[in-house]
Amino acid sequence: MSPSPAAADSVLLRAARGMPVSHTPVWFMRQAGRSLPEYLRVREGVAMLDSCMDPELVVEITMQPVRRYGVDAAIFFSDIVLPLKAVGVDLDIKPGVGPVVAAPVRTLADVAAIPDLTPDHVPFISQAVQGLVGELGATPLIGFAGAPFTVASYLVEGGPSKEHAKTKAMMFGAPEVWDALMRKIADMSAAYLRVQVEAGASAVQLFDSWAGALTPRDYAEHVMPHSARVLAAAGELGVPRIHFGVGTSNLLGLMGEAGADVVGVDWRTPLDRAIPMVGDRVVQGNLDPTLVFAPTEVMTARAAEVIEAGRAATGHIFNLGHGVIPATDPDQLARLTEFVQSYALA
Ligand code: CP3
């Protein structure tokens, strides 16, 4: 299979390619998941990573927000550490904590011990994507992978981290280990994206959630070349590439230059400041995810500002500035979706 022909003319793909659209496309990072009662119901008694390996469950969970909100894209239900799990790395996703790795990676031998990902490791991913593309019809499916720095942080720290100190210590102090690790993850993420696109995903997002911890110099020198390899490999598949990170106001230009078609902007950087930094690339974002807790008219007034600011870009995909917060009221996201989709662009 290849990218879904039915979705080729969708507003999401048109906007991602800088083409005119009837309305600003809208989807939400983490639109599936803990904010939805129907998600909590189907996940009862099933561990997070087990749910990612069950194609029927992945189809159901990915479809839930599409059915509920009528968003302009589905995001594949999986996790950035799933490929590592699939090749045999001993890790778990602990509820309320995040990914935890049993034996953190510190040496060249540790890196070498991580197998490369082949499609045979993830047959359930291809099955889930194929099932989804059938159900989604003209709604595009966004596949995703973790960027090398963000995935490396979990592997090196052994779990979530604020400072990423051990990760950066490897980056600064053991360049040959760092380089090997980044190459290993870049190849894995590229392979994981390929599986998703070959099964029918229409676009991909590379999540470098923790890249904002880096100075532009260190990003450019130690991280960007590896993310660029992933994005170049995805580019060969012919689908638009979205590149997102948090706290990246100093990095937006570089994240675009790494080979993105669309640069995701978190909520801290107003789009009118982000757009000159990304040049003629498309932007995605960036309503503060806490604004859905505000009165509806406050939320929609801010959403209107985001849409208006986005008009100065080559193209704009509406999103929150990071993932949906678990306590979010789904009805408020439904109102936000409806507001963005009916906002007159003429
Ligand atoms: O957006 C979606 O709805 C698609 C699914 C998705 C998940 N993880 C499911 C998930 C996506 C796109 C991700 C990506 C991901 N995973 C990122 C990058 C995105 C970002 O938020 O910056 C990162 C950093 C991870 C690692 C990870 N996995 C974290 C930090 C957590 C949260 C820990 C917690 O419980 O607070 C997870 C777990 C996770 N991944 C959940 C979901 C729905 C929650 C687990 C559950 O429901 O039990």
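This is a predicted model: local features need pLDDT of at least 70, side-chain atom pairs count only at pLDDT 80 or more; totals for chains, interfaces and linings use all residues.

Tutor: Let's begin with the second largest pocket, where α13 (271-278), β8 and α14 each supply at least two residues of the lining.

Student: Which element has the largest share of the lining of that second largest pocket?

Tutor: The pocket holds about 240 Å³ of space, and 13 residues line it. Nearest its centre are Pro 270, Asn 286, Arg 302, Glu 305 and Val 306. With four residues, the largest share of this lining comes from α14.

Student: And how many charged residues are in the lining of the largest pocket?

Tutor: That pocket contains about 1400 Å³ of space. Of the 43 residues lining the largest pocket, the closest to its centre are Arg 30, Arg 34, Asp 79, Gly 98 and Pro 99. Split by class, the lining has 25 nonpolar and eleven polar residues, and the charged ones number seven.

Student: Val 195 is in helix α10. Is Val 195 buried or exposed?

Tutor: Leaving aside residues up to four places away in sequence, Val 195 touches Pro 119, Val 122, Ile 125 and Ser 126. Asp 120 is 75 residues from Val 195 in sequence, yet their C-alpha atoms are 9.9 Å apart. The cut-off for a buried residue is under 20% relative accessible area. Val 195 has 8% relative accessibility, so Val 195 counts as buried.

Student: Now helix α15: how far apart are its end C-alpha atoms, and what should the helix span?

Tutor: The helix has 13 residues, 330-342. At 1.5 Å a residue, they should span 18 Å. The distance between the end C-alpha atoms agrees with that, at 18 Å.

Student: Within what arc do the buried residues of α15 fall?

Tutor: The buried residues in α15 are Pro 330, Gln 332, Leu 333, Leu 336, Thr 337 and Val 340. Down the helix axis, they line one face of α15, because they fall within an arc of 155°.

Student: Which strands are included in what covers those residues?

Tutor: The cover on the buried residues of α15 includes α2 (37-43), α4 (55-69) and α14 (296-310). On the strand side, it includes β8 (282-287) and β9 (316-320).

Conventions: Residues are numbered from 1 along each chain as its sequence is written. Side-chain values use heavy atoms; hydrogens and water are left out. The expected span of a helix is 1.5 Å times one less than its number of residues. Buried means under 20% relative accessible area, exposed over 50%, partly exposed in between (1.4 Å probe, protein chains only). The arc is that of the directions from the helix axis to the C-beta atoms. Contact means heavy atoms within 4.5 Å. On a 1 Å grid over the protein atoms alone, a cavity is a set of points where a 1.4 Å probe fits but cannot get out, and a pocket is an open set with protein on both sides within 12 Å along at least five of seven lines; lining residues have an atom within 4 Å of a point. Grid points are joined across faces, edges and corners, and a volume is the space filled by probe spheres set on the points. Ala, Val, Leu, Ile, Met, Phe, Trp, Tyr, Cys and Pro count as nonpolar, Asp, Glu, Lys and Arg as charged, and the others, Gly among them, as polar.
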